Amino acid sequence: MSTTTFTKKIIQMEAGDTKLTPPSAKSAPAGFAKKPRLAGKSKKRDIPEGLWTKCPSCSAMIFDKELDEHLKVCTKCGYHFPIGARERIHSLVETCTFEEMDPSMESVDPLNFVDKIPYPARVQEHQKETLLKDAVLTGLCSIGGHRAALGVMDFSFIAASLGSVVGEKLTRLVERATEKELPVIIISTSGGARMQEGMLSLMQMAKTSAALAYHARSRLPYISVLTHPTTAGVMASYASLGDLILAEPGAMIGFAGPRVIKDTTQAELPPGFQTAEFLLDHGLIDAIVPRTEMKARLVEYLNFLTVRRRRAGA
Ligand SMILES: [Zn+2]
């Protein structure tokens, strides 16, 4: 039996069923991109469609609606599919409490950089596809009764690379948190620096780290959550500076990729190298938290980390 015939199966759904943001074609693993729905006149026009998604880890077929309800976590094996920043915020904060900061901040093109296409065209292309202005959303919100400053990165926007906008938005978020004496939570994912912004991109590492140092000096907690994949400049700056560092199961976390390290050191890498599980065993991260438990665990940690300030009447 050919499995390919079962990778997409159209089934009948009740009218009015809406889906949360599906994994975009860019963020979906290879071979996993969804075909656009038929826009033309079809005999099936009056039948709403639902789709099954094949889990790349256990090959189970999961109904998209079920996948959305489980925050894009495979119900059979726990594989964590990519998830957008908006959907993640929705899963973490109390309804309607997210006050977005700097929603219209956009990249400029200081180097007149052209790779396959000019940088401004690349930014525009991603803005159109993701409906985001850049690779991070930041804002103040309520989580389990705590006011907190939350930043969430989105890999589907130029691999969540650390450009000037990401650095500036996160820095402003942390500065606002310091001013208002709030804890900071940053959910990271990133392919690294944004090469189209050259040195300006690298400067964001120092800028965000400095803002976090001032925040720490005020004895305010910072929880860093690492999701698949968190690498390079982001991991080498704010993502690894948390008072608590959490990770999603199976997340790839590291600085350089395994192939580069292998070629440089000429040594065999240990099994599971650069996974969240490996890094937990070696003490780099504090806990692995499944996405479906993330909110409850964050609230628990915030209760713990802010107890002294509350007792002091702060
Ligand atoms: Zn699975």
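Two residues are in contact if their C-beta atoms, placed from the backbone, lie within 7 Å. What you are viewing is a predicted model, in which local features need pLDDT of at least 70 and side-chain atom pairs count only at pLDDT 80 or more, while totals for chains, interfaces and linings use all residues. Residues are numbered from 1 along each chain as its sequence is written.

**The whole chain**

Colour by secondary structure, and the chain comes to 10 helices and 11 strands; helices (H or I, at least four residues) and strands (E, at least two) are DSSP runs, numbered from the N terminus. Of the 314 residues, 37% count as buried, where buried requires 20 or more other C-beta atoms within 10 Å of a residue's own, exposed means 12 or fewer, partly exposed lies in between, and C-beta atoms are placed from the backbone.

**The sheet**

Select S5 through S11, which make an open sheet of seven strands in the order S5-S6-S7-S8-S9-S10-S11, with mixed pairing; two strands pair if DSSP finds at least two bridges between them. S5 and S11 (287-288) are the edge strands, each pairing on one side only.

Begin at S5 (residues 99-101), which is joined to S6 (residues 136-143) by three bridges in an antiparallel arrangement, with Glu99 opposite Leu140. Moving on to S7 (residues 146-153), you will find eight bridges to S6, again antiparallel, and Leu137 standing opposite Val152. S6 and S7 form a hairpin with two residues between them, and in its turn Gly144 has a positive phi of about 55°.

Further along, S9 (residues 222-230) and S10 (residues 244-247) pair in the parallel sense over four bridges, and Ile223 has Leu244 of S10 as its bridge partner.

**The nonpolar cores**

Next select Ile185 and Leu226, which touch the most other members of the largest nonpolar core, a group of 57 residues. Such a core is a set of buried Ala, Val, Leu, Ile, Met, Phe, Trp, Tyr and Cys residues joined through C-beta atoms within 7 Å. Helix H4 (residues 164-180) gives the most to this core, with six residues. Around Leu226, leaving aside neighbours within four places in sequence, the contacts are Ser188, Ala239, Ile245, Ala247, Ala251, Ile253, Ala276 and Ile285.

**Helices H4 and H5**

Now show H5 (residues 198-217), whose buried residues are Ser201, Gln204, Thr208, Ala211, Leu212 and His215; these pack against H4, strand S8 (184-190) and S9. The axes of H4 and H5, taken as lines fitted to C-alpha atoms over the stretch in contact, with angles from 0 to 180 degrees between N-to-C directions, come within 9 Å and cross at roughly 10°. The two helices are therefore roughly parallel to each other, a description given to angles under 35 degrees, whereas those over 145 count as roughly antiparallel, 65 to 115 as roughly perpendicular and the rest as oblique. Residues making the contact include Leu170 and Val174 of H4 and Thr208 and Leu212 of H5. Just after H5, look for Arg219, which takes a positive phi of about 55°.

**Helix H7**

Finish at H7 (residues 258-265): of its eight residues the number buried is zero, so this helix lies largely in the open. H7 is followed by Gln266, whose phi is positive, near 55°.
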